[in-house]
2 protein chains.
Amino acid sequence: MSGQIIALQPNLHALRDRCANCSMHELCLPMGLDNDELQRLDGIIKKRRRVLKNDYLYRMGDKFQNLYAIRVGHFKTVYTDAAGTEQVTGFQMAGELLGFDAISSDQHQCNSIALEDSEVCEVPFDRLEELFRDIPGLQRHFHRMMSQEITREQSIMLLLGNMRAEQRLAAFLVNLSTRYSQRGYSAHAFQLRMTREEIGSYLGLTIESISRLLTRFKKNGWLNVESKEIQINDLPKLKTLVTASAAESLSR
Amino acid sequence: MSGQIIALQPNLHALRDRCANCSMHELCLPMGLDNDELQRLDGIIKKRRRVLKNDYLYRMGDKFQNLYAIRVGHFKTVYTDAAGTEQVTGFQMAGELLGFDAISSDQHQCNSIALEDSEVCEVPFDRLEELFRDIPGLQRHFHRMMSQEITREQSIMLLLGNMRAEQRLAAFLVNLSTRYSQRGYSAHAFQLRMTREEIGSYLGLTIESISRLLTRFKKNGWLNVESKEIQINDLPKLKTLVTASAAESLSR
DNA sequence: CGTTTAATTGATCACTATCAACCGTCGTGG
DNA sequence: CCACGACGGTTGATAGTGATCAATTAAACG
């Protein structure tokens with residue numbers, strides 16, 4: 001009997017691997033699609049890929065073929081310029097889409113590395129663009145996701161260009177808290193998946209500064225931190241910090 | 001006779017205003033389209049809009065309806081966060097597309113302001129998305145442009161996160177030089193359309209720093225600057241500067 | 001366990017912000 | 001026509017933030 005069922009789905013991945021059953025589908029690419037559309041999207045996502053901690057999802061220069069939707073786990077993207085300067089440009093978690101930067105040149109422009117054992121869905125971009133013709137809602141949602149990536153980066157530009165170290169770290173923690181909360185996890189207690197060094201690179205600060213700031217935040221009672229475990233005690237205070245610099249510069 | 005020709009194009013703007021005759025069309029949205037496709041794109045671009053110096057092309061919070069392709073002139077985008085911190089997030093010139101940030105939320109996320117008397121083509125986004133179904137090449141090129149905006153911002157993140165003041169300004173000037181050169185203008189002599197303050201805001205530096213750096217560059221013989229007129233004497237030197245920081249951090 | 005990698009803490013230094021004074025240009029109105 | 005103010009830009013003196021250098025501790029891993 002189970003043999004029959006398998007015969008009816010010759011090419012498909014197991015049921016549990018389908019978008020409709022994925023706990024992330026309300027945040028991810030298939031958001032808002034109806035059942036029929038969901039199946040068509042599922043039809044082009046042939047492969048689920050496991051990526052072990054510290055392994056590359058893709059490397060700079062790799063030919064661009066797929067976007068990747070994170071099912072489980074965390075990634076960082078590391079951008080390297082012509083001369084070798086490295087910077088972490090983002091941390092991604094389940095439900096987020098990776099690889100937008102590669103579309104323009106048909107080559108990946110950065111490295112994507114798993115921060116823990118993870119799993120992604122490979123979305124062939126050519127086939128996705130074809131699907132857009134038949135599913136306008138999918139096209140629109142894709143454009144929204146790409147646009148969101150642009151505004152995300154703009155707010156990091158603001159952070160890097162205008163904020164002091166303390167505000168940058170506060171903004172970073174508030175951002176993590178928000179994203180975990182959107183995923184149904186606690187906004188107040190979570191685990192950092194990245195090292196202090198990676199946080200520093202992302203925020204344009206040194207590892208020493210990150211370390212000092214965390215201990216200062218702890219002394220102030222705003223949070224508890226024990227190696228990678230974070231417990232935020234005063235989220236409103238952190239949020240205030242982020243907007244404080246602006247208030248100052250306005251009052252002058 | 002000319003009357004007949006006009007009668008055959010009831011709804012259309014003057015011939016000189018069409019994509020096919022626009023000197024920017026090899027950089028802009030219509031890149032790579034054939035004649036028929038070009039006309040269809042033209043068909044949805046109903047309006048050319050003049051924007052005078054210091055006027056807003058759009059404001060934060062404005063409802064999103066159009067993307068804007070710059071025909072003539074220069075713009076800046078200014079991003080303001082919840083608390084009022086302002087930062088210039090980009091300078092745009094002829095042939096470039098504006099408004100990507102608004103797609104995700106149906107509202108513009110930043111202000112776009114003309115740096116001089118300018119002219120743009122209004123591209124209704126709904127109609128553009130419809131066109132994508134019939135013109136895959138247009139869809140692909142649009143995705144490339146959006147992706148390019150993402151990588152552009154990533155390189156600014158690198159600049160703001162990793163580079164010293166001197167390198168930031170050098171990178172900025174080299175970037176302008178490249179873009180003017182792509183548009184058929186001199187790579188060595190051009191006019192700054194923005195103030196020192198706007199440059200500073202963009203690069204995460206103060207106006208005083210920009211001023212000091214420009215005089216230092218001048219003293220070193222790398223360039224001449226007379227108010228807004230820039231003449232670059234040693235472009236290779238400026239390019240070297242940009243990559244210098246990387247070399248240092250690698251050699252340690 | 002021994003070795004490597006990550007994180008903490010302290011002392012010092014340098015870059016760039018900040019504060020302040022001044023100059024030049026432009027536009028406006030007395 | 002000149003006076004005035006507004007604005008953009010330059011230059012100098014000083015100070016503060018966060019980088020750098022260095023030493024030590026803690027955690028991770030084979």
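Tutor: Here we set some values against their definitions. This is a predicted model, where local features need pLDDT of at least 70, side-chain atom pairs count only at pLDDT 80 or more, and totals for chains, interfaces and linings use all residues. Residues are numbered from 1 along each chain as its sequence is written, chains are lettered from A and ligands numbered from 1 in the order in which they are written, and side-chain values use heavy atoms, with hydrogens and water left out.

Student: How do you know that the same surface serves both copies?

Tutor: Contact means heavy atoms within 4.5 Å, and 100% of the contact residues of chain A recur in chain B. The contact has 49 residues of chain A and 49 residues of chain B.

Student: Why is the pair Arg144(B) and Asp106(A) called a salt bridge?

Tutor: The rule wants a side-chain nitrogen of Lys or Arg within 4 Å of a carboxyl oxygen of Asp or Glu. For Arg144(B) and Asp106(A) the closest N and O atoms are 3.4 Å apart, so the pair passes. Across the interface of chain A and chain B the rule finds eight salt bridges. H4(A) gives the largest share of the side of chain A that touches chain B, 21 residues.

Student: What is meant by the area that chain A and chain B bury?

Tutor: Buried area is the accessible area (1.4 Å probe) that two parts lose on being put together, summed over both. For chain A and chain B that is about 4700 Å², with 57% on carbon and sulfur atoms.

Student: Which domains is chain A divided into?

Tutor: Domain 1 (2–158) and domain 2 (164–251), with bounds from an automatic or database domain assignment. Their C-alpha centres lie 27 Å apart, and the area buried between domain 1 and domain 2 of chain A is about 1300 Å².

Student: What makes Glu96(A) and Arg183(A) a salt bridge?

Tutor: Their closest N and O atoms are 3.3 Å apart, so the pair meets the rule. Across the interface of these two domains of chain A the rule finds four salt bridges.

Key:
Helices (H or I, at least four residues) and strands (E, at least two) are DSSP runs, numbered from the N terminus.
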